[in-house]
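Thanks for coming. Please have the sequence and the structure open.

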Amino acid sequence: MFRTLAKATAAIAVVCAVAGAGLVLNEEYGKDDSDAKDTASAGASFTGTKKIDADGHTVNVSCSGHSDADRPLVMLMAGGGEGLDNMAALQKSLGKTDRVCSYDRLGEGKSDKPAPGTLQTVNDTSVLLTELLDHLAGDRPVVLAGHSLGGYIAARYTPDHTDRVKGLVLLDATVPHLTRDMKRTVPADATGPATQVRDGALAANEGQNPEQFVIADGPVHSAGDIPVEILRHESQYSAVPEYGPALEKMWAKGQQEWQQLSTDAELTTAKGSGHYIHTDRPDLALKTVQSVADRVTDRVADAR
């Protein structure tokens, strides 16, 4: 969910200040040391942060690590209300073995803001992501690893882009029918923290968030048999005692829905974790992304 909602309820997520948590970036405009051949086959190879023009907007991007072009590019996608710094520690760890990038979606971090009075949809975010991957991944396969809203966007994007996205990791991704399920779980006449959880979620879903993004309910579409790893939190709603158990059940069912993404999808509970799995269980988040990247690499090799 969004940071503002998390602050208001202290129940949707534990907000962890991880900005700059160990990831040392170069100057604002990172040096691109790729030649024309490398750019065509493996994508731009700059290290640090760089502003990229995509879909008529300036987008703030961070990349690190180097690996053979046969290995996938890992694209990290932060949650709502978060800039790319939120996943900096995970990016640093992944960069030791793989090429990994992250970016600020419109309205987040140092990227452009959406036009005033306009709402963004999944289609808008998909166009932007496609242009970024054209520049950053080249001909590489891609693994998307998204947290919360970033996971929701990655899950909606992947089924229509399996020509490029060959693996997916969801870190407590926003559930597919959050508006419907929230209304069913917490009644309109609820009081106390439950009211804040319900009203905050519904408002954010309608586009009252920094990205002006509509988080629409919808069915889960299949991405075939690509490797999909889904990690869900262990405990998140303890601050909503009356409706906490029902909210946990709602979230768990939503995570199970994401398993419909692939015939090779696995769901795991991240023991000891709240909503920010990559902060609470960095070991598990790292292992999971690396595992999917390895499986994608093996599949690419077998296909030759």
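This is a predicted model: local features need pLDDT of at least 70, side-chain atom pairs count only at pLDDT 80 or more; totals for chains, interfaces and linings use all residues.

The chain contains ten helices and eight strands. It has 304 residues, of which 56% count as buried. If you take contacts between residues at least 6 apart in sequence, 76% of them join residues at least 24 apart.

Now the sheet. The eight strands form an open sheet with mixed pairing, in the order E1-E2-E4-E3-E5-E6-E7-E8. The edges are strand E1, residues 48-54, and strand E8, residues 265-269; each has a single partner strand, so one side of each is left without a neighbour in the sheet. From one strand to the next, the twist averages 20 degrees.

Let me go to E5, residues 142-147. How many of its residues are buried? Six of its six, so to speak the strand is mostly covered. In a regular strand, side chains alternate between the two faces of the sheet. In E5, Val-142, Leu-144 and Gly-146 lie on one side, Val-143, Ala-145 and His-147 on the other, and all are buried, which leaves both faces covered.

The pairing around E5 is parallel on both counts I want to show. E3 and E5 run parallel and are joined by five bridges. E5 and E6 also pair in the parallel sense, over six bridges. Gly-146 takes part in both pairings: in E5 it is the bridge partner of Met-77, and its own partner in E6 is Leu-170.

Helix H5, residues 149-157, lies across E3, E5 and E6, and runs at about 145 degrees to E5.

How do H4 and H5 sit relative to each other? Their axes come within 10 Å and cross at roughly 80 degrees. The two helices are therefore roughly perpendicular to each other. On the H4 side, the residues in the contact are Val-122, Thr-125, Ser-126, Leu-129, Thr-130 and Leu-133, and they meet Tyr-152, Ile-153, Arg-156 and Tyr-157 of H5. By class, that contact has six nonpolar, three polar and one charged residues.

H5 is mostly covered, with nine of its nine residues buried. Arg-156 is among the buried ones, as are Gly-150 and Gly-151. What covers them includes E3, H4, E5, E6 and helix H8, residues 244-258.

Last, the disulfide. A search of the whole structure finds one. Which cysteines form it? Cys-63 and Cys-101, with their sulfur atoms 2.0 Å apart. The link is right-handed, with 110 degrees about the S-S bond. Cys-63 sits in strand E2 and Cys-101 in strand E4, 38 residues apart, so to the pair falls the linking of distant parts of the chain. Both cysteines, Cys-63 and Cys-101, are buried.

E2, residues 57-64, and E4, residues 100-103, run antiparallel and are joined by four bridges. Within that pairing, Val-61 of E2 has Tyr-103 of E4 as its bridge partner.

That is the chain as I wanted to show it. Questions, please.

Note on methods
Residues are numbered from 1 along each chain as its sequence is written. Side-chain values use heavy atoms; hydrogens and water are left out. Two strands pair if DSSP finds at least two bridges between them. Axes are lines fitted to C-alpha atoms, for helices over the stretch in contact, and angles run from 0 to 180 degrees between N-to-C directions. Contact means heavy atoms within 4.5 Å. Angles under 35 degrees count as roughly parallel, over 145 as roughly antiparallel, 65 to 115 as roughly perpendicular and the rest as oblique. Ala, Val, Leu, Ile, Met, Phe, Trp, Tyr, Cys and Pro count as nonpolar, Asp, Glu, Lys and Arg as charged, and the others, Gly among them, as polar. A disulfide is a pair of cysteine sulfur atoms within 2.5 Å. Buried means under 20% relative accessible area, exposed over 50%, partly exposed in between (1.4 Å probe, protein chains only).
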